[in-house]
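Please look over the chain shown here.

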Amino acid sequence: MRSYHLQTLGTIDGIVHRDSAPRPEPGPREIVVRVRAVSLNKRDLLILKGTYPLKAVPDVIPVSDGAGEVVAVGEEVTRFAVGDRVMGTYFPNWRDGRITATQFDQPGASLNGMLAEYVRLDQEAAVRVPEHLTWEEAACLPCAGVTAWHALTGGEPLVPGQTVLTLGTGALSLFAVRFAKALGAEVIATTSSAAKADRLKALGADHVVNYVENPEWGAAVRALTGGRGADLVVETNGPDTIEQSMRATALYGQIVLLITGNPRKQGIEISNAAYAASLATIRRVFVGSRAHFETMNRAIALHGIRPVVDRVFDLDDVHEAFRYYESGQAFGKVVIRVA
């Protein structure tokens, strides 16, 4: 079996290839999955750099997101059969309800991840792939997809006709655009270029605000909503954008805060002028449970939604894939085809 392992922190070259491990065998309630594709997320880079809150165990197999085919099942498995198409969950122990401290383990960090030809999963830690998706598309869902869905559906219900604001063109924001439209919302997106604005509109964004041309883009969002503001903001940049997000939010709006710090700013700051005039709710979301994942998949199947895949690399080109993802050039997901 071919697999990759995080041998040395701090460098992409610290991810090493091995081809001598035996194919895993399932325990009584486990499945073995032949991985077809994986996708990269920001957390994979943070784990590599040693700055992710959940530290990597020695020699861990990286990457949380992947999809593949069940090739073996334990004798007590009831949820899946050989031949089923599945994806692993981001939090294998978080099935439903609120997450607890005992459910924080994640593949690619404290548990072995998906960057291998075969992986062993507990049957409760997998979900079925929507039938219309390719392997590469399915591999994009467990982290960014579920986070975007949870951001939109985990708080006060989003009512059709309300306005959702998304920031930039990261994979999570692109999911939020597609999901918000499927939920009947009007979508305003921000970006830095006309070319990206056209692509956002092609995905369904009703309005796009160029934040380079409009540094006070919160006011531009208010103007587009007749002065009312956005009902829900998917806040993906935290310290750099929270002030304008607050200024863009409706009086009783929701801000879903996903990032709270970066190398330049170790926390968020909101001016008195912006927050004192608001009754908006700020809430945190960290990916989601298996129940969130399965609900999202039903919506994806119903509306025929497909993730945006920027580029697909082969298994021999893992280092190149990580470097390309780290460059920030991608519009959508960076995928590695495993088999």
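This is a predicted model: local features need pLDDT of at least 70, side-chain atom pairs count only at pLDDT 80 or more; totals for chains, interfaces and linings use all residues.

Residues are numbered from 1 along each chain as its sequence is written, and side-chain values use heavy atoms, with hydrogens and water left out.

**The sheet**

- Six strands form an open sheet in the order β10-β9-β8-β11-β12-β13, with parallel pairing. Strands (E, at least two residues) and helices (H or I, at least four) are DSSP runs, numbered from the N terminus. Two strands pair if DSSP finds at least two bridges between them.
- β10 (207–210) and β13 (281–284) stand at the edges, each with a single partner strand, so one side of each has no neighbour in the sheet.
- From one strand to the next, the twist averages 20°. Such angles run from 0 to 180 degrees between N-to-C directions, with axes fitted to C-alpha atoms, for helices over the stretch in contact.
- β8 (residues 163–167) and β9 (residues 186–191) pair in the parallel sense over five bridges. T163 stands opposite E186 in β9.

**Helices on the sheet**

- α3 (residues 141–153) packs on the sheet and touches β8, β11 (230–235), β12 (249–257) and β13. Contact means heavy atoms within 4.5 Å. The direction of α3 makes about 150° with that of β11.
- α4 (residues 171–182) lies across β8, β9 and β11, and runs at about 165° to β8.

**Helix α6**

- W217, G218 and V221 are buried in α6 (residues 217–224). Buried means under 20% relative accessible area, exposed over 50%, and partly exposed in between (1.4 Å probe, protein chains only).
- The buried residues of α6 fall within an arc of 110° seen down the axis, so they line one face of the helix. The arc is that of the directions from the helix axis to the C-beta atoms.
- Their cover includes β8, β9, β10, β11 and α7 (242–248).

**Two loop residues**

- N41 is found between β3 (30–39) and α1 (42–49). N41 counts as buried, at 5% relative accessibility.
- Not counting residues up to four places away in sequence, N41 touches S64, D65, C143, A144, Y325 and K333.
- F80 sits in the loop between β4 (65–73) and β5 (85–88). F80 is buried at 7% relative accessibility.
- Beyond four places in sequence, F80 has contacts that include I31, V70, V86 and R128.
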